[in-house]
Amino acid sequence: MEDHKARILITAPWFTSLYLNKLKEHFIVDVNRMERWYTEDELSAMISNYDGIIAGLDPFTKDVLSKAKNLKIIARRGIGYDNIDLDYACSHGIYVTNTPVPEEFDAVAEFTVALILSVIKNLYDAHDSLSKGSWERKSFIGRNLKDMTIGIIGLGNIGRRVALLLSSFGSKIIYYDSFVNDTVFQKVDLYELFKLSDIISVHLPLNKETMGLIDKKLLSSMKRGSYIINTSRAEIINKDDLIWALDSGIIRYLALDVFYKEPPGLNDDILRRKNVFATPHIAAYTTDAFNAIDRTCVNNIIKVLLYNEKPDYLLCK
């Protein structure tokens, strides 16, 4: 009977059709049809209806989770889980998983390199100028990656892939990571990384230690006219200090795929600046990545709700 089936919520507005159909074979499935994440109030009002959730970046706070009477699993559709109160969920018997699959790491790493090439070759500005009828070639003289030092902040699964891709261009790679000692690339302290790098690429998770880690003191030590690339989390960089560095000319170009508020809106303080190149949090958006991500989420939902088994990539200790 339909009424005895567990109920699943997918908070993203779309899901890979193959795996959506697989879910529907076993469960009642609701999909978020809005082009935004749910709010705390919306989640609080509906969460008691669900046995499993495939979650995006919606705020699964303690207050929201306290109303989850039937919830057994939150399968995070992505890597970062700073939007979920992990301690509360795990202590109340709710499994929390994520999807650290190689396809997602590859997608974000490739996207990061694409952003770097876009800004150092002035691709966006050149296109914008040309589309307005100009033919200003000398205004868009770029840089060669071979001549640049690139600082990677966080040499984990994504950061190391970025380093390997960029090293193939002949770039000098340096990195900062409190937990990694890599024998291929040169490790430096954070201040030295900012001082030496022409390009800085951020690949850290967001937590209490990394929130606002990059501040005015670090930014002021950068080479004037440097680049920052952020495909990780916006909050790792202090917003006011970032705006100061953009306006002062220390940062020639900021390329980012993440925002302090998502979606950011037309009047966003960062977006309206001319030396910012931004994309709508799509670094992991490839067919290969989403097939692997959605397969992982669905398999974990089935493991927990149908077979009472522990899921893969369990974040609860």
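**Exercise 1.** Find which residues of helix α1 (residues 17-26) are buried.

*Solution.* Start with the terms: buried means under 20% relative accessible area, exposed over 50% and partly exposed in between (1.4 Å probe, protein chains only). Helices (H or I, at least four residues) and strands (E, at least two) are DSSP runs, numbered from the N terminus. In α1, the buried residues are Y19, L20 and L23. Looking down the axis of α1, you find them within an arc of 105°, so they line one face of the helix; the arc is that of the directions from the helix axis to the C-beta atoms. Turn to the other side of α1, and S17, L18 and E25 are exposed.

This is a predicted model, where local features need pLDDT of at least 70, side-chain atom pairs count only at pLDDT 80 or more, and totals for chains, interfaces and linings use all residues. Residues are numbered from 1 along each chain as its sequence is written, and side-chain values use heavy atoms, with hydrogens and water left out.

**Exercise 2.** Locate P263, and describe the peptide bond that joins E262 and P263.

*Solution.* First, go to the loop between β11 (251-256) and β12 (276-278), where P263 is found. Next, check omega: at about -5°, the bond between E262 and P263 is cis. Most peptide bonds are trans.

**Exercise 3.** What is phi of N308, and is N308 buried or exposed?

*Solution.* Look in the segment after α11 for N308. Its phi is positive, about 55°, although N308 is not a glycine. Finally, N308 has a relative accessible area of 71%, so it is exposed.
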